[in-house]
Amino acid sequence: MIEVSLLGPPRVQRAGRRVGFDTRKAVALLAHLALADRPRPRDALADLLWPDTDIEHARGALRRTLSTLRTAIGPECLETTRDHVHLIKNQGLYVDVDRFRDLVTEGDLETAVGLFRGEFLEGFGLRDAPGFEEWARNQADTLRRELTGALARLAAGLEADGNYSAALVHVRRWLSLDPLHEPAHRALVRLYALSGDRAAALVQYRQCVRTLSRELGVSPLPETTELYEAVNTGTLIASPPTAETVETPAQETQTPFVGRNDDIRAVRAVYDTIDHDGRLVVVEGEAGIGKTRLVEELVLDLRKNGAAVLAGRAYEDEAALAYAPLVDALRARLREDARWVDDVPQQTIAEVSRLLPEIADIRPEPQAEGPGAEARFLAAVWDTLAAAVSGPVPGVIHLDNAQWLDEASLVLLRYGLRRLVGRPLLITLTSRTPADHPFGSVVAEGGGVVHRLGRLDLEAIGELLATARPSMDHELSLRLYDETEGVPLLVVEYLNALTTGADESWPVPTGVNDLLRARLARVSDTGRQVLAAAAVLGRSFDVDTVRAVGGRTDEETVASLEELVRRGLIREGALDYDFVHDQLRRLVSDDTSLARRRLLHARAAHAVHAPAAVVAHHLQLAGQDQEAAQAYAAAADQARKVYANAEALDHLHAALALGHDSPSTLHASIGDLETLAGDYAAAVRSYELAAADAATANLPGIEHRLGRLRHRRGEWALAEAHFRAALDTLPPDQPAEHARVTADLSLTRHDAGDTAGATELARQALAFAAESGDRRALGQAHNMLGMLATAGGRIDDAFQHLRTGRDLAEQIGDLPGRVAALNNLALAHRAHGELEPALELATIALALCTEEGDRHREAALHNNLADLHHALGHPDETMRHLKSAVAIFAEVGAPHGTNIDAADEPRPEVWKLVRW
């Protein structure tokens with residue numbers, strides 16, 4: 001018999017004797033397999049337990065760990081294939097978690113709770129496997145809730161039998177597991193009173209009041225207060241405990257869809273024209289005009305006809321969260337139906353797993369960073385979105401509230417709209433007007449159909465009143481039209497107010513907020529608390545998250561959500577819930593006290609399984625500035641990994657504003673991003689601020705950055721000063737860094753007209769690089785020597801050095817190095833009169849530079865290509881590249897922002913960049 005005990009510190013016994021393991025990973029693997037309901041893929045297990053190891057070594061470690069496990073528990077308990085691993089559960093294998101659940105199902109609650117000797121895997125963890133740690137936490141939370149449910153049922157049964165002392169033991173344990181559980185507090189108060197200990201009952205009530213106030217910012221529910229008053233006045237009567245109930249309001253059905261037949265036909269007509277290529281349609285209008293409802297009705301109809309739908313929504317508070325609406329849409333589509341993923345190439349899945357790890361059930365081989373990385377990423381995400389809606393009829397990708405899309409999503413949208421050829425799908429976007437947002441330019445480039453919604457007319461309001469409220473006087477339609485001016489949101493809220501308490505003499509609140517508050521006033525106390533937790537989350541939410549944030553029990557949370565759906569305040573989707581409109585969300589948040597909002601945001605920061613930017617937002621609103629600053633810095637790193645540089649910049653500024661403890665590091669990172677964007681004046685300020693706060697060991701790197709930036713601006717003397725400052729402060733045991741700085745100094749001397757000095761410095765750089773063996777430094781030195789050879793007319797030497805530099809850059813995935821070498825090779829070919837090879841090389845360099853996001857060098861490559869096309873007699877291509885160069889040079893050369901001083905005036909040298 002093999003006994004696997006996971007409740008409490010993990011323990012394994014074989015034939016009554018303790019089994020030891022020589023690695024903690026074997027224990028973790030056994031625990032994971034013991035709770036798995038199906039065979040687990042080998043690659044998924046390797047990724048779970050060895051996430052920082054390359055896939056081949058992780059697979060090898062898994063094989064060794066399986067061997068250890070097989071020896072410990074016996075080969076008959078493990079079934080392994082080439083791809084999967086399965087723990088065979090039979091009469092000879094006992095797992096305490098399975099036994100606990102079986103006993104609860106059988107109703108033997110006393111034995112079940114006695115079996116629960118501690119937290120799941122108590123005291124056990126794997127620091128180097130965060131995925132396993134998260135899985136273990138989730139399992140522990142689930143089992144803890146199952147235990148509290150069993151304890152509550154057991155205590156209720158004992159109380160009903162009059163065995164108050166035994167019931168007290170179990171309720172105390174119940175409350176120790178979840179101190180915020182108000183029903184547990186009530187049960188303890190009641191049992192103390194029934195046991196004759198009135199003083200303990202009153203003390204327990206006050207403890208309940210303190211806990212709820214401190215942790216959730218709420219008062220006890222009326223039933224808890226009523227119990228306290230009964231105990232205090234001596235009027236409590238022993239009676240069997242009853243199940244917690246929530247008032248069941250009348251069902252509020254969805255408002256009929258009227259007055260939009262022409263609009264929906266117009267949008268449907270765009271879909272019906274789809275044959276081979278995709279189409280874009282934008283539904284725009286003022287707030288509350290019915291944009292979302294119109295597209296929902298369209299999508300509902302298309303789903304009935306077999307269309308696959310991918311739907312996401314942008315939120316105002318998440319405008320700095322890269323790709324958030326698209327990640328939500330893909331996650332929902334996966335949960336709905338994941339079979340389409342089988343048709344997506346594994347390498348594509350590997351790229352998309354950067355955004356959505358759960359899309360990869362196994363761990364595919366990642367492609368190296370470097371040349372083409374961003375293009376591969378964008379292509380993979382777009383291909384995956386298209387695959388998610390593929391099918392026998394054109395699918396739909398819908399994004400609601402597009403005016404709040406983040407910059408990264410806009411980049412991807414622009415990328416996708418240029419690639420609708422051969423993709424039979426419809427992209428629908430809703431957007432609020434008026435909107436000053438880059439979204440408009442994306443739509444203009446995409447060439448889609450823009451359909452603007454108007455307000456409802458008198459006839460439509462009359463039809464709505466007759467359909468939704470046939471018992472009302474139809475003469476009210478004219479008054480309703482006058483009051484609402486045909487805005488559908490106001491019309492619906494007035495109808496709700498008239499239906500629930502107001503008579504037709506019109507004593508209803510005026511203004512949408514008053515109308516909404518009238519609806520909220522009818523919600524139960526628990527429902528209001530759950531609604532406040534949902535409003536703090538700021539987006540769609542699931543049951544587990546809103547329960548964790550609100551602090552209410554599973555039963556209370558589910559009952560409250562059902563009430564809120566019935567009252568028409570939130571809507572239930574296939575996988576989550578959301579407010580019926582953003583105005584209601586804002587109102588609930590505004591009406592929640594600041595102290596309670598802070599408490600809820602603090603809970604949300606720990607409850608949400610979301611990117612660091614979301615956690616940072618909640619921590620900031622909770623008033624935990626230091627923790628928020630660290631989270632924003634982590635969010636910036638996450639954003640840069642998916643090429644969302646604008647969002648990364650926002651996160652870094654937020655971290656600085658909140659008092660991050662490493663401001664120098666953040667300023668330097670901000671300077672890097674501003675340099676890529678061509679905002680040189682801002683980058684200089686950021687690097688100078690970084691230098692002011694930098695530790696001595698970090699100063700050479702910042703001086704180097706400043707030198708390269710001054711060089712870009714054509715400020716040769718300042719650039720040389722910074723490079724020499726970097727060299728003076730670099731330790732002698734860092735030859736690779738010496739090589740890089742010296743190579744950059746060589747380029748500055750060359751551009752300043754000192755060819756002899758530049759050549760000597762380039763040779764020194766090569767010597768430093770050779771000493772270090774650093775291929776990046778070697779590539780840069782060869783690139784510099786190649787440029788100098790081209791300038792001196794030594795073309796053969798130039799080709800040799802530049803090809804060596806290019807090859808080194810390719811080997812290590814150095815995208816900037818490869819762009820530089822390709823550009824300089826193109827210039828060498830041009831100098832040799834070989835225009836066609838030069839054109840091919842420069843074109844490749846431009847594509848790679850665009851992926852890197854370096855605007856200044858992108859402009860220089862456009863300029864070089866314009867010269868090549870002109871020399872080859874291609875006037876149209878010449879003008880196209882020249883216009884692009886001029887536009888980007890103007891953007892780069894001019895200061896960003898509104899405060900312009902003389903030092904920030906555009907510099908002619910910025911426009912003269914040719915080689916680097």
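In which helix does Met879 lie? Met879 belongs to helix α41 (residues 875-893); helices are DSSP runs (H or I) of at least four residues, numbered from the N terminus.

This is a predicted model, in which local features need pLDDT of at least 70, side-chain atom pairs count only at pLDDT 80 or more, and totals for chains, interfaces and linings use all residues. Residues are numbered from 1 along each chain as its sequence is written, and side-chain values use heavy atoms, with hydrogens and water left out.

**View 1. Confidence along the protein chain.** The average pLDDT (the predictor's confidence in each residue, from 0 to 100) is 88, and 92% of the residues score at least 70. Over residues 243-250 the pLDDT is below 50. Where pLDDT is low, the predicted coordinates should not be read in detail.

**View 2. The aromatic pair of Phe100 and Phe116.** Rings of Phe, Tyr and Trp (its six-membered ring) pair if their centres lie within 6.5 Å; planes under 30 degrees apart count as stacked, over 60 as edge-to-face and the rest as tilted. The pair of Phe100 and Phe116 is edge-to-face, at 5.1 Å centre to centre and 80° between the planes. Because Phe100 lies in helix α4 (residues 96-106) and Phe116 in the loop between α5 (109-115) and α6 (130-160), the pair ties together parts that are 16 residues apart in sequence.

**View 3. The aromatic pair of Phe377 and Tyr643.** The ring centres of Phe377 and Tyr643 are 5.7 Å apart with planes at 55°, so this pair is tilted. Phe377 is in helix α15 (residues 373-388).

Methods: Contact = heavy atoms within 4.5 Å. Helix = DSSP H or I, 4+ residues; strand = E, 2+ residues; numbered from the N terminus.
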